[in-house]
Amino acid sequence: EGAFYIFPSVKSCLNGRTSLEFTEELLSKKYLAVVPGEGFGTPGFIRISYAAGMEELKEAMDRLESFLINPGK
């Protein structure tokens, strides 16, 4: 009966974008949905749910890592 979320900072990765723009780009390029922090009063952060299986979480983190390392692809 609870939620499972983390709120990591992505401030150093924004490069002039808002966290909303960051999440939109992550979704369009890596098909990974996270929630921008602005809606929770935490701009520069993203909300990630970890209420999934370990294989799904690993795949999601691999996609996020790939996006952070090379955001142009």
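Q: Which residues of H1 are buried?
A: Ser19, Phe22, Thr23, Glu25, Leu26 and Lys30. Buried means under 20% relative accessible area, exposed is over 50%, and partly exposed is in between, with a 1.4 Å probe and protein chains only. Helices (H or I, at least four residues) and strands (E, at least two) are DSSP runs, numbered from the N terminus.

Q: Where do those buried residues of H1 fall, seen down the axis?
A: They fall within an arc of 165 degrees, so they line one face of the helix. The arc is that of the directions from the helix axis to the C-beta atoms.

Q: What kind of model is this?
A: It is a predicted model: local features need pLDDT of at least 70, side-chain atom pairs count only at pLDDT 80 or more, and totals for chains, interfaces and linings use all residues. Residues are numbered from 1 along each chain as its sequence is written, and side-chain values use heavy atoms, with hydrogens and water left out.

Q: Back to H1. What covers its buried residues?
A: The cover includes strand E2 (35–36), strand E3 (46–49) and H2. Contact here means heavy atoms within 4.5 Å.

Q: How many residues has H1, and how far does it reach?
A: H1 has 12 residues and reaches 16 Å from first C-alpha to last. That is close to the 16 Å expected at 1.5 Å a residue. The expected span is 1.5 Å times one less than the number of residues.

Q: New topic. How many salt bridges are there?
A: Four. A salt bridge is a side-chain nitrogen of Lys or Arg within 4 Å of a carboxyl oxygen of Asp or Glu.

Q: Which residue does arginine 17 pair with?
A: Glutamate 25, with the closest N and O atoms 2.7 Å apart.

Q: Are those two buried or exposed?
A: Arginine 17 and glutamate 25 are both buried.

Q: What about lysine 29?
A: Lysine 29 also meets glutamate 25 in a salt bridge, at 2.9 Å, N to O. Both lie in H1, four residues apart, about one turn of the helix. Lysine 29 is partly exposed, at 33% relative accessible area.

Q: What does H2 have?
A: Lysine 58 and aspartate 62 both lie in H2 (residues 54–69), four residues apart. Their side chains meet in a salt bridge at 3.0 Å, N to O. Lysine 58 is partly exposed at 48%, and aspartate 62 is partly exposed at 33%.

Q: Which residues do shared partners join into one network?
A: Arg17, Glu25 and Lys29.
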